Amino acid sequence: MDKKHRVSVLNNDFAVDKVRENLSISTILYKGEHLLTVRQVANFYEVDIRTIENTISDNRSELEMNGMKVLSGSDLADLRAKSDSEINFGVKSRFLTVFTFRSFLNVGMLLKGSTKAQQIRQLILDTAISVVNERAGGSTKYINQRDENFLPALFKNENYNDRFKQVLTDHVNMGQGKFPKFNNMVYNAVFKESAQKYKEILNLDKRDKSRDTMYSEVLNAISSVENGVAALVEQKFNETGKKLSKEEAEELFEGLDKNPFLKPQIEDARTKMASFDAEFRRKNHTSIAEYISPLNQEAYERFLGKKSKELRERINENLEEFKRLKDK
């Protein structure tokens, strides 16, 4: 498991809490945190203390990012006073390294040669998948729709898409088959995949609408590309007074992902699509795999937490606002 994946998994509070509930291990509850000493961690993973110390030395910044810390002074005295007397803190020690439960799991992801660490890694991955599926209602196909930003982005996209189609119809001389071709060019400009390839990766069938499964950032980027190309087509038509040829229209798509006005939005869409699908749907978009980034805790809260809701519930709560967006 590489560092990006470790960071993503450990930022999933829902999975981390579930692992803690299901794992039989004694911790020190202190100031609302479940803490473990180096000795406790070594005992659990059935390795000697030196192995844990070496792991700390080699991965200190990552472990600290996940909550490992060194207590001293009044904090250490307070912990000793409030903790089980059977736990050996080292009476003469002026410093004590402690692990939060998250950093304890982090150690399990880093350790080599420990059977218990291998078991923990598998438990974490299984739990992460289980939690996502459970909170997504058993299927992650439409997990994007649990985001409060999805419906506004979809409605706006429908409006831009309608305009895009109309401009192609009015100003491009290409017959009835023009839209699927240019739709693929839009998709390739945003996330380097055709509509068919996207459906294959997500295992969508013919009845599934691709855009119903897309994250709001992807929809917004598609809207920007469609709106921008429509404006360029209209501009060229007005300049020449005649419909564009197929080749002239295709040229307008060249370099869109490097356009300074579109590049930030397109790169954000690629990052979200690659990263979210890798974690939530376990799908790999190889064409944009370089954009995969670790998910933060906000991402999990966005799709799995209290703010995330089923689409029907969100529609009922905001019916009038969505009607306004739909008709705008």
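Predicted model: local features only at pLDDT ≥ 70, side-chain atom pairs only at ≥ 80, totals over all residues.
**Exercise 1. Which residues lie nearest the centre of the largest pocket, and how many residues line it?**

Residues are numbered from 1 along each chain as its sequence is written, and side-chain values use heavy atoms, with hydrogens and water left out.

*Solution.* A pocket is an open set of points, on a 1 Å grid over the protein atoms alone, where a 1.4 Å probe fits and which has protein on both sides within 12 Å along at least five of seven lines; lining residues have an atom within 4 Å of a point. By this criterion 22 residues line the largest pocket, and N161, K209, S210, R211 and D212 lie nearest its centre. Its space is about 460 Å³, where a volume is the space filled by probe spheres set on the points. Turning to the elements, helices (H or I, at least four residues) and strands (E, at least two) are DSSP runs numbered from the N terminus. The largest share of the lining, eight residues, comes from α8, and α8 (150-171), α9 (178-191), α10 (195-201) and α15 (311-317) each supply at least two residues.

**Exercise 2. Work out the strand order of the open sheet and state which strands stand at its edges.**

*Solution.* Two strands pair if DSSP finds at least two bridges between them. Step one: β1 (residues 28-30) and β2 (residues 33-37) run antiparallel and are joined by three bridges, with L29 partnered by H34. Step two: β2 is joined to β4 (residues 95-100), again antiparallel, by three bridges, and L35 stands opposite T100. Step three: β3 and β4 pair in the antiparallel sense over four bridges, S72 having F95 as its bridge partner. The order is therefore β1-β2-β4-β3 in an open sheet of four strands. β1 and β3 (69-72) stand at the edges with a single partner strand each, so one side of each is left without a neighbour in the sheet.

**Exercise 3. Describe how α11 packs against α13.**

*Solution.* Helix α11 (residues 216-240) and helix α13 (residues 263-281) pack at an angle of about 150°, their axes 8 Å apart; axes are lines fitted to C-alpha atoms, for helices over the stretch in contact, and angles run from 0 to 180 degrees between N-to-C directions. The contact (heavy atoms within 4.5 Å) includes V218 and V225 of α11 and I266 and F276 of α13.
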